[in-house]
Amino acid sequence: MSETTHNRINADTLHDGSSGTYLPVKGTVTTMATVTYDKASRIYPGTERPAVDQLDLHIEDGEFLVLVGPSGCGKSTSLRMLAGLEDVNGGRILIGDKDVTHIQPKDRDIAMVFQNYALYPHMTVADNMGFALKIAGTPKADIRARVEEAAKILDLTEYLDRKPKALSGGQRQRVAMGRAIVRQPQVFLMDEPLSNLDAKLRVQTRTQIASLQRRLGVTTVYVTHDQTEALTMGDRIAVLKDGLLQQVGTPRDMYDTPANVFVAGFIGSPAMNLGTFKVNGGFAEVGPARIPVSRAAIAALGAEDNGKITLGFRPESLDVVSQAEASAFPVEVNIVEELGSDAFVYGTLKGSLADADVHSGAGDNQVIVRIDPRNVPAKGERIFVAIRPGEEHLFGAGSGLRLPA
Amino acid sequence: MSADNSHASATSAVAADVSGGGPVSDAALVAASETKVTRRARRLRQGMQNPWASLAAVIIAVLWTIPTVGLLVTSFRPEADIDRSGWWTIVTNPNFTLDNYEQALFGGGNNLATYFVNSIVITLPSVVIPISIALLAAYAFAWIPFKGRDVLFVAIFALQIVPIQVTLIPLLTQYVNWGIGRSFWPVWLSHTMFALPLAIFLLHNFMKEIPASLVEAARVDGAGHVKIFFRVLLPLLVPAIASFAIFQFLWVWNDLLVSLTFAGGRAAVAPLTVRLAEMVGTRGGDWFLLSAGAFIAMIVPMIVFLSLQRYFVRGLLAGSVKG
């Protein structure tokens with residue numbers, strides 16, 4: 001473990017030329033700090049369904065992976081399994097080539113940032129940050145140097161002698177970060193570290209953490225329920241639901257080609273509109289509109305889909321068109337949400353579509369449409385929209401899986 | 001003090017606002033943010049200034065203290081005076097002496113000094129031993145998952161319902177069988193046994209109040225059970241330990257039943273309380289010695305209470321986790 005540490009210090013090649021720090025700047029590191037979940041499962045005592053079910057996930061060295069999902073999806077449990085705070089009931093977890101499935105947290109060379117920071121209240125900021133090093137028996141002068149270095153990066157130098165109670169929420173959060181980076185661990189684990197900050201600070205800290213991670217080049221696993229955080233911070237995103245991994249990919253992958261209906265509805269803000277329609281002669285019948293469906297997609301439909309497909313279209317994939325257009329369908333405007341740069345219409349489908357099975361982030365039978373903020377319709381007005389060709393997402397109505405285009 | 005300050009600045013701010021009239025000054029903003037504090041301070045001060053409440057409090061305090069004052073005065077009066085008149089006559093006939101204390105502490109057959117030392121020798125281990133054991137047990141119950149933990153915990157706490165009196169004879173028999181009946185051990189062991197269930201329960205509850213993530217953070221930081229216990233939990237438990245220590249100290253120091261049963265027979269191990277009880281029982285007439293003895297016995301708990309009081313600090317966990 002200490003060998004790794006020294007390697008990291010020596011690896012201070014400063015190839016980005018931006019800092020004089022001897023904290024680990026990405027360079028020639030001998031140990032590959034990859035993280036591998038190999039069919040790792042966690043079943044809480046007294047429950048039937050696994051909280052995490054046969055998770056298979058490989059995280060590259062230096063990668064920033066975000067675990068995202070609704071609450072109760074097993075994302076925090078997955079992280080805590082990696083930290084060693086939660087037993088692994090099946091499968092293995094590896095850090096680098098080392099099987100850490102059953103070893104103690106302290107022997108895993110990881111650092112964790114907790115949702116509620118979990119600072120030691122009786123210690124000063126400096127002692128908080130140096131606690132792990134002190135326990136590891138690092139010489140006092142070294143500890144002081146590393147703590148000061150980290151404090152400089154995090155802008156905490158003037159608070160080093162304060163107790164946590166004399167700090168603001170944002171400062172406490174930075175101390176929690178500092179406690180992790182002082183360790184120079186192989187892997188950072190972060191469990192919703194921003195959820196206790198106010199909205200403005202959260203956006204600031206989000207970019208700070210992402211750039212800090214790029215600079216340090218330490219493999220990071222980050223848990224959040226906020227898909228915006230996931231999209232903005234992660235090199236790759238892993239979406240979980242009910243303990244099952246739904247999809248892993250870059251933010252672009254997740255946005256452009258969601259693997260199933262759940263990911264489609266979860267990633268993106270406002271959420272994607274999803275509706276289930278009958279397929280007839282190569283077209284999906286969306287009320288008066290007929291949306292062409294590729295032959296491959298129809299061929300991929302199974303028996304459980306019952307000849308129906310789920311059509312997904314993002315609010316920004318809709319154009320306001322005239323009624324005459326073949327693929328146009330009517331929407332009655334309920335609310336217009338103006339954000340300055342954008343405006344969104346929350347509307348109800350009308351006409352023969354009134355009882356169609358459509359839902360979106362706004363609720364059942366609602367669609368969200370992005371429109372020109374300079375030209376917004378009035379409340380109650382009926383507009384006609386069409387899906388921009390090629391921007392629809394097709395899923396099997398029964399399986400929920402993505403169909404080939 | 002701080003209430004006064006905030007009050008003063010609030011009033012000056014208001015004054016500034018009134019005189020300034022036009023622009024909304026910073027001071028006005030300060031005043032707005034402080035009104036809540038000042039209002040509370042004012043209400044508190046008004047409450048304390050209510051004359052009837054104060055009067056009632058003073059009367060109760062005086063009534064409560066009179067017997068103790070009487071005892072204190074008596075302990076300083078000459079033996080002859082005590083026999084002849086009540087303690088309140090000192091107002092007209094002040095006549096004090098330290099002879100009673102000298103006699104009680106060092107006088108021939110009434111050597112209280114020995115019993116005083118015995119009391120200390122009995123009390124200190126009887127406080128330290130149960131707290132040490134209970135801390136370890138409470139840590140295990142709070143932070144180490146093991147099979148049957150909850151059942152065991154309930155069982156231990158249920159021991160509280162066993163009355164001490166029931167245990168006295170069987171315990172004494174055991175001590176005699178073990179051959180330690182003539183030492184301090186029976187008293188130490190008994191007090192430890194009687195204190196443990198409550199101590200474990202209380203300290204466990206305090207430990208459980210410490211956020212789990214704090215312990216987890218320490219584990220990830222590389223601390224094992226020993227380091228988590230000493231470096232993270234113990235400093236946070238000081239108020240809990242201090243309060244339990246005070247209660248246990250007072251209980252043991254003032255205890256008569258246990259010490260009379262297990263150490264009462266011999267002057268070599270008997271504590272002050274046993275001796276005082278004897279003085280009342282066998283020499284009911286020696287008021288001059290009894291009153292002095294009572295105050296000698298009282299002084300130590302007083303010192304302990306006042307010196308440990310400063311550990312009753314609340315808000316020790318402040319800033320650790322976001323509420």
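## Domains of chain A

Domain bounds here come from an automatic or database domain assignment. The model is predicted: local features need pLDDT of at least 70 and side-chain atom pairs count only at pLDDT 80 or more, while totals for chains, interfaces and linings use all residues. Residues are numbered from 1 along each chain as its sequence is written, and chains are lettered from A and ligands numbered from 1 in the order in which they are written.

Chain A is split into domain 1 (2–261) and domain 2 (264–396). Between the C-alpha centres of domain 1 of chain A and domain 2 of chain A there are 39 Å. Nine residues from domain 1 of chain A and ten residues from domain 2 of chain A take part in the contact (two residues are in contact if their C-beta atoms, placed from the backbone, lie within 7 Å). On the side of domain 1 of chain A that touches domain 2 of chain A, α7 (227–233) and α8 (251–256) of chain A each supply at least two residues. The largest share of that side, three residues, comes from α7(A). By class, the side of domain 1 of chain A that touches domain 2 of chain A has six nonpolar, three polar and no charged residues. For these classes, Ala, Val, Leu, Ile, Met, Phe, Trp, Tyr, Cys and Pro count as nonpolar, Asp, Glu, Lys and Arg as charged, and the others, Gly among them, as polar.

## Overall make-up of chain A

Chain A contains ten helices and 22 strands. Helices (H or I, at least four residues) and strands (E, at least two) are DSSP runs, numbered from the N terminus. Taken along the principal axes, the C-alpha atoms of chain A fill a box of roughly 80 × 45 × 45 Å.

Of the 405 residues in chain A, 44% are buried. A residue is buried if 20 or more other C-beta atoms lie within 10 Å of its own, exposed if 12 or fewer, and partly exposed in between, with C-beta atoms placed from the backbone. Among contacts in chain A with a separation of 6 or more, 67% are between residues 24 or more positions apart.

## Sheet and hairpin in chain A

An open sheet of four strands has the order β2-β1-β4-β5 (chain A), with antiparallel pairing. The edges are β2 (52–59) and β5 (98–99) of chain A; each has a single partner strand, so one side of each is left without a neighbour in the sheet. Two strands pair if DSSP finds at least two bridges between them. Strand β1 (residues 35–42) of chain A and strand β4 (residues 90–95) of chain A run antiparallel and are joined by five bridges. In this pair, D38(A) stands opposite R92(A) in β4(A).

Five bridges also join strand β9 (residues 236–241) of chain A to strand β10 (residues 244–249) of chain A, again antiparallel. Here V239(A) is opposite Q247(A) in β10(A). The hairpin of β9(A) and β10(A) has two residues between the strands, and D242(A) in this hairpin takes a positive phi near 50°.

## F262 in chain A

F262(A) belongs to helix α9 (residues 261–266) of chain A. F262(A) is buried because 22 other C-beta atoms lie within 10 Å. Leaving out residues up to four places away in sequence, F262(A) touches K241(A), Q246(A) and G400(A). F262(A) and G361(A) are 99 residues apart along the chain, and their C-alpha atoms are separated by 12 Å.

## Contact between the chains

The contact takes 26 residues from chain A and 22 residues from chain B. On the side of chain A that touches chain B, the elements giving two or more residues are β6 (110–113), α3 (125–135) and α5 (169–182) of chain A. By class, this side of chain A has 18 nonpolar, four polar and four charged residues.

## Chain B and its helix α5

Chain B has 14 helices and zero strands. Buried residues account for 29% of the 323 residues in chain B. Among contacts in chain B with a separation of 6 or more, residues 24 or more positions apart make up 70%.

In helix α5 (residues 99–106) of chain B, the residues N100(B), Y101(B) and A104(B) are buried. They cover an arc of only 95° around the axis, which puts them on the same side of α5(B); the arc is that of the directions from the helix axis to the C-beta atoms. The buried residues of α5(B) pack against α3 (51–75), α6 (112–143) and α14 (287–308) of chain B. Exposed residues E102(B) and F106(B) are on the face of α5(B) turned away from its buried side.
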